[in-house]
Amino acid sequence: MSLDFRFQTILDYRRRIVEDRQRHLADAQRAWRVEVDGLDALREQRVRFAAQLEEMLKGVLHLDEIEHHYRYLAALDLAIQAQQTVVYAAEAAAEQARANLEEALKDRKTMEKLKEYDRERLLDAIEQDEAKAVDDLNIARHARNNG
């Protein structure tokens, strides 16, 4: 009897899938982080510009300048909304990658449990064979001594 696991290639394949999905999740999380940082930068830019505009409004401005600044604020608001959509999409991709990883981990765990079960079954069979051999030796010794 051999201790080789008959489904070792499948287990190795499942382990590679887990590694690939871990890398994919890490990539998706990095991409999400980049998009969140971009959103934060846009929000900071809007806050700074709004504060500058408020300070400028304390003085004398032409109507054209005020209109120009408010248009820029509106453009920033649109950019923030668009970036928020990108962040949601990146977050969804990261969640999907996490779900895929969880599935791969379950598949790998199933194969590892099967390997452990197979190993225990094999060791039990070896133990039974050894017990039979010892019993046969004891019977033969008893027959020789009594016979």
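User: Why does Arg33 count as partly exposed?
Analyst: Good place to start, and please keep in mind that this is a predicted model. The relative accessible area of Arg33 is 37%. Buried would need a value under 20% and exposed one over 50%, so Arg33 falls in between and is called partly exposed.

User: What makes Arg33 and Asp37 a salt bridge?
Analyst: The side chains of these two residues meet at 3.0 Å, N to O. The cut-off is within 4 Å, so the pair Arg33 and Asp37 qualifies. Both residues lie in helix H1, four residues apart, which is about one turn of the helix. Asp37, at 40% relative accessible area, is partly exposed.

User: How do you know that Asp20 and Arg23 meet in a salt bridge?
Analyst: By the distance again: N to O, Asp20 and Arg23 are at 2.3 Å, and the limit is within 4 Å. Therefore the pair of Asp20 and Arg23 counts. These two also sit in helix H1, three residues apart, about one turn of the helix. Asp20 has a relative accessible area of 42% and is partly exposed, and Arg23, at 48%, is partly exposed too.

User: Why is Arg71 called exposed?
Analyst: Arg71 has 56% relative accessibility. The closest N and O atoms of Glu67 and Arg71 are 2.3 Å apart. Being four residues apart in helix H2, Glu67 and Arg71 are separated by about one helical turn.

User: Which residues do salt bridges with shared partners join into one network?
Analyst: Those are Asp12, Arg15, Arg108 and Glu112. A search of the whole structure finds twelve salt bridges.

User: What makes H1 roughly antiparallel to H2?
Analyst: The crossing angle decides this. The axes of helix H1 (residues 8-56) and helix H2 (residues 63-146) cross at roughly 165°. Angles over 145 degrees count as roughly antiparallel, so H1 is roughly antiparallel to H2. The two axes come within 7 Å, and the crossing of H1 with H2 is left-handed.

User: How many nonpolar, polar and charged residues does the contact of H1 with H2 have?
Analyst: Sorted by class, the contact of H1 with H2 has 30 nonpolar residues, ten polar ones and 14 charged ones.

Methods
Residues numbered from 1 in each chain as written. Predicted model: local features only at pLDDT ≥ 70, side-chain atom pairs only at ≥ 80, totals over all residues. Heavy atoms only, no water. Axes fitted to C-alpha atoms, helices over the stretch in contact; angles between N-to-C directions. Parallel < 35°, antiparallel > 145°, perpendicular 65-115°, else oblique. Left-handed = near helix turned anticlockwise from the far one by under 90°. Nonpolar A, V, L, I, M, F, W, Y, C, P; charged D, E, K, R; others polar. Buried < 20%, exposed > 50% of the residue type's maximum accessible area, 1.4 Å probe, protein only.
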